[in-house]
Amino acid sequence: MGNHEKFHTFVAANQTRDMLFNSIQFALFLPIVFLLYWFVFDRFIRKSEHQLRLQNAFVVVASYVFYGWWDWRFLLLIAFTSFCSWGSGLLIGRAETRKKAKLWTTLNIVLNLGILALFKYYDFFVTEFAQLFHISTDGLLLKVILPVGISFYTFQALSYSIDVYRGKIEPTKDIIAFFAFISFFPQLVAGPIERATSLLPQFLKKREFNYDTAVDGMRQMLWGLFKKIVVADNCAVYVDQVFSTYTEQTGSTLLLAAIFFTFQIYGDFSGYSDIAIGTAKLFGIKLMRNFNVPYFSRDIAEFWRRWHISLTTWFRDYVYIPLGGSRVSKGKVVRNTFVIFLLSGFWHGANWTFIAWGAYHAILFLPLILTGKNRKFTNQVAEGRVLPTLKESGQMLLTFFLAVIGWIIFRAESIGQAWEYFQGMLQFGTIRAIYRFFNWPGLWPTNLFIIIMLLVEWLSRDKQQGLSIEGFGMVFRWVLYFALILLIVFYGGQSVPFVYFQF
Amino acid sequence: MEGSRFLLSISNSDGMKKFLWKIVFVVACSAIFVMSVYSIMHGRAESTRPTNPKCIYVWGDSQMAQGLDVRLLGKKLGIPVLTAAGHGTGVYDFLICVENIPDSSICIVSFPEAAFLRNPSLDFHRYGFELGCLETLFRSGCPLEECIRIAGLNKRKIDYRLFTNIEHEWTPYQDSLVGTEYFDDFRRMFTEKKAYFTWKTNSYLTGIQHLIEKHVRVILIRYPFAKQVEDIAANSINRHLSDSLKGMMIDKYRMRCDTIALQSDSLLMFDLSHLNEVGERLLTNAFGEAMKADTVNNRFFVVTVE
């Protein structure tokens, strides 16, 4: 059973219990938590010296309710991870020698990665090992359900103890604030993976409600919902059909489905991030940007500075730079590049397809870093202009196409399937996909939604989020809001779980 | 309203007040906006509802779609027969059809054991958006999430051209049982307790009751399964439950109960749950004769294959 299949089986089994951002449960949960957060724990307990601690405690309770909605049994796991990381922070801070501090840091890393490995990778390694040596896996496999978001909160917990060890942050004694930092519900299950240096201090000081921030948060949530419900979920219908019957499809259909998946995964994950960041703004918390219009990148290096920023910067800061980064010999640069891309691929799941996807991007990235051109494009494309030049358009198209190839490997259930998919795609007539993209009546609504998404994001590419439209007139803004709401209500595809929940 | 006043009164911050008012405004306007669009769409769709009571209307799942030749039946009875039977249709689809069947007409409805026992996620449930039908589902015990899911499936479908006289297209007849790969699914279907059976049958009963109140003559048909499935179903808990339901309906609506036993040298089943072309023709002929023999009573036909 492939990863996607496993994930859908898991989700189907939990369908009535889950609390997705696009679910009715969350639509009820969010206003209740918002009102209690600002009115009960901010207003009524204002004179109490414990106000901040109570508000943080409420964040923890709300987050645990949110998480427990999937499977309450894993609350123990997240509490255990949080407690160990908090404790290790204190022990690192109190360590008399650097050696002891290193020991506590290492122990926490081993513990966290051990838990992650047990739940996420154990069965994969046992199966691969058994296949290699032709031994039976009977009784060896754990077959445990992957706890939702384990890769996200584990990395967040790791960043804390490493940053304490590095002296970037003081260890906190406030266990409640720390638990809130690890479990803050908007970003608990699919990121952005926050750093302790950025998020933890926000739980240690009083939050003030800010009207402009809250309105901006609502706009970002609306835009995220549009990307998820209208773009990604509609693409998913077509993508799932084609990928499940790929052997019977023509080359143009396969290419079209790959392009749709490219937009699906972007709409899905960046939509989730937008909703998470927007929700956090309602609570006076600022989360880091996770996507910065990656499909407008002019080369792969720029793509990786704009895609899943919280994960790529995590690997950069905690793996790549400690290994020497790019300021080492060329041989080591090659090694370091492969290490972070393979790790990044493997982080997504225990399947060779993810590793191959990482390797593919490493191969694309290497020529740029070895020739020193990896930071060629650090500005925004077509800066100060409405339209890109012909050269920029070509660069963007090429990068997009390279990303599409990568997403086929990522989406496939196995390397063999990916290979067959490529073979099928390279049949004569593939070019028809471009024609069909614009001429297939059944696909028109979805194409239109993709075009709307790209257009809005192009126009706001130098802003913090797609719907940063404060500068536009009131009538235009409100027409846009209601148009988006109408599209979400009427054209939302069938509810599809967020793709990144499986990681 | 009192609640929002309370919340606004306890807020000192002008920003918070403004924000809450804005949220209330957006939610209210969105609701009005969406409801207005739906009202307009409903108004436009009214003209698509069937109005002729001198027709026979058919609803059922795939067993009915593959098991009754509507054109042949129409010829036999001399009256148009229109069908909305389709693969995978469920009780929500039935409720939608009930709303659209004209008063005092005749309605042939399948007694869909498979639809009662099938996981709701596999039901078609795309016959249109009707708040009243969603409410009936909810009142029958259907979970709110499922009602919302069904509403989502139908949100853009407000059109009541459900009944047609298009007949199921058969592939050339083969004298063999084509598909038996779902045998285990059928075994589980009959032998395992299904939590959704209650709300599905309650919804179905509400639909039948509604038809009776509209003075519609109701003809129910229970289709057969292949012998190996019938053998398992015979003593199963779920067949026992559906038999109880059948008995209750016969008593409540004073239905005349008959058995149509299909007999032939040829194989009559297409797969484990559907008649084949020969079976369909045999049943349609026998059913037509039975319909001619009694033109007054509500009926319950149990079809068996021997």
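This is a predicted model: local features need pLDDT of at least 70, side-chain atom pairs count only at pLDDT 80 or more; totals for chains, interfaces and linings use all residues.
Reader: How many helices and strands in chain A?
Author: Chain A has 20 helices and zero strands. Among its contacts with a separation of 6 or more, 77% are between residues 24 or more positions apart.
Reader: What about the largest nonpolar core?
Author: That core has 155 residues. Phe226(A), Phe283(A), Trp407(A) and Tyr421(A) have the most contacts inside it. Helix H11 of chain A, residues 251–282, gives the most to this core: 18 residues.
Reader: Which residues does Tyr421(A) touch?
Author: Setting aside residues up to four places away in sequence, Tyr421(A) touches several, including Val242(A), Phe243(A), Tyr246(A) and Leu254(A). Ile408(A) is also one of them.
Reader: Switching to chain B. Where does Ser62(B) lie?
Author: In helix H3 of chain B, which covers residues 62–65.
Reader: Is Ser62(B) buried or exposed?
Author: Buried, because its relative accessible area is 9% and buried means under 20%.
Reader: What joins the side chains of Ser62(B) and His274(B)?
Author: A polar contact of 2.6 Å. Beyond its neighbours within four places in sequence, Ser62(B) is also in contact with Gly67(B), Gly86(B), His87(B) and Gly88(B), among others.

Conventions. Residues are numbered from 1 along each chain as its sequence is written. Chains are lettered from A and ligands numbered from 1 in the order in which they are written. Side-chain values use heavy atoms; hydrogens and water are left out. Helices (H or I, at least four residues) and strands (E, at least two) are DSSP runs, numbered from the N terminus. Buried means under 20% relative accessible area, exposed over 50%, partly exposed in between (1.4 Å probe, protein chains only). A polar contact is a pair of N or O atoms within 3.5 Å; within protein, one must be able to donate a hydrogen and the other to accept it, and residues adjacent in sequence count only if both atoms are side-chain atoms. Contact means heavy atoms within 4.5 Å. A nonpolar core is a set of buried Ala, Val, Leu, Ile, Met, Phe, Trp, Tyr and Cys residues joined through side-chain atoms within 4.5 Å.
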